[in-house]
Amino acid sequence: NTVAFINESTQEFSVFYKGTVKVLEQQPPTSFSVADDMVAYVDNNQNFKVFYNGETSDLASFAPESYTTEDNLIAYSDNVNFNVFYKGKTYPLGRNIPKEYKIDQSTLVYKDTQGLLNVFFEGRTDRVGNEKTDNYQLSGNTLKFTNSLNETHFFVNGKFY
């Protein structure tokens with residue numbers, strides 16, 4: 001439903017959204033990425049912005065160190081904080097900026113400072129178990145993980161199985 005592009009003739013940064021074209025910026029951004037019905041971008045003044053639900057909002061007054069858009073989420077970090085943008089709201093996930101994380105649909109999985117798995121799902125963050133694991137997979141909104149006893153567990157729609 002959403003396509004972001006730079007108009008070659010005018011150099012305007014625009015978005016095609018729900019059948020209409022809307023100009024977001026008069027000049028091309030330094031970077032941008034598109035997910036489901038939203039666009040994250042860094043404008044030419046280094047402001048980090050999001051186009052979501054037909055409106056543009058500021059996420060930060062500076063460019064993030066990194067950002068990823070996928071499905072329904074934007075994960076981003078500066079040099080201190082790790083955040084996720086979901087359904088029009090920013091959720092702080094802590095001061096630990098993970099080296100890697102996985103996103104699928106409305107779920108983000110990452111490790112905290114103790115190396116324990118955490119899941120962000122629909123505005124809520126939960127710790128997954130009380131031990132470290134490197135054996136986990138995210139498929140859609142379903143997290144599958146194995147503990148040290150080689151027991152397989154699942155986290156689906158906010159519940160553990």
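Two strands pair if DSSP finds at least two bridges between them, and that idea comes up a lot in this chain. Strands here (E, at least two residues) and helices (H or I, at least four) are DSSP runs, numbered from the N terminus. With that in hand, strand 5 and strand 6 (residues 48–52) pair in the antiparallel sense over five bridges.

This is a predicted model, where local features need pLDDT of at least 70 and side-chain atom pairs count only at pLDDT 80 or more, while totals for chains, interfaces and linings use all residues. Residues are numbered from 1 along each chain as its sequence is written, and side-chain values use heavy atoms, with hydrogens and water left out.

**The chain as a whole**

- The secondary structure comes to 19 strands and zero helices.
- Along the principal axes, the C-alpha atoms fill a box of roughly 60 × 35 × 20 Å.
- Of the 161 residues, 42% count as buried; buried means under 20% relative accessible area, exposed means over 50%, and partly exposed is in between (1.4 Å probe, protein chains only).
- Taking contacts (heavy atoms within 4.5 Å) with a separation of 6 or more, 30% come from residues 24 or more positions apart.

- Strand 5 (residues 38–42) is largely enclosed by the rest of the structure, because five of its five residues are buried.
- Met38, Ala40 and Val42 point one way from strand 5, while Val39 and Tyr41 point the other way.
- On the strand 4 (residues 31–35) side, five bridges make an antiparallel pair with strand 5, and Phe32 has Tyr41 as its bridge partner.
- The hairpin of strand 4 and strand 5 has two residues between the strands, and Asp37 in the turn has a positive phi of about 60°.
- Over in strand 6, Tyr52 is the bridge partner of Met38.
- The hairpin of strand 5 and strand 6 has five residues between the strands, with Gln46 in the turn at a positive phi of about 70°.

**Salt bridges**

- The whole structure has five salt bridges, each one a side-chain nitrogen of Lys or Arg within 4 Å of a carboxyl oxygen of Asp or Glu.
- One of them joins the side chains of Lys49 and Glu25 at 3.0 Å, N to O.
- Lys49 lies in strand 6 and Glu25 in strand 3 (residues 20–25), so this pair ties together parts that are 24 residues apart in sequence.
- Asp43 also forms a salt bridge with Lys49, with the closest N and O atoms 3.3 Å apart.
- Asp43 counts as buried at 3% relative accessibility, and Lys49 counts as buried at 14%.
- Lys111 and Asp134 meet in another salt bridge, at 2.2 Å from N to O.
- That pair links distant parts of the chain, 23 residues apart: Lys111 is in strand 13 (residues 107–111), and Asp134 is in the loop between strand 15 (124–128) and strand 16.
- Lys111 is partly exposed at 23% relative accessibility, whereas Asp134 is exposed at 66%.

**Further along the chain**

- Strand 10 (residues 82–86) and strand 11 (residues 89–94) run antiparallel and are joined by five bridges, with Tyr91 as the bridge partner of Val84.
- Four strands form an open sheet in the order 16-17-18-19, with antiparallel pairing.
- Strand 16 (136–139) and strand 19 (159–160) stand at the edges with a single partner strand each, so one side of each is left without a neighbour in the sheet.
- Phe155 stands opposite Phe160 in strand 19.
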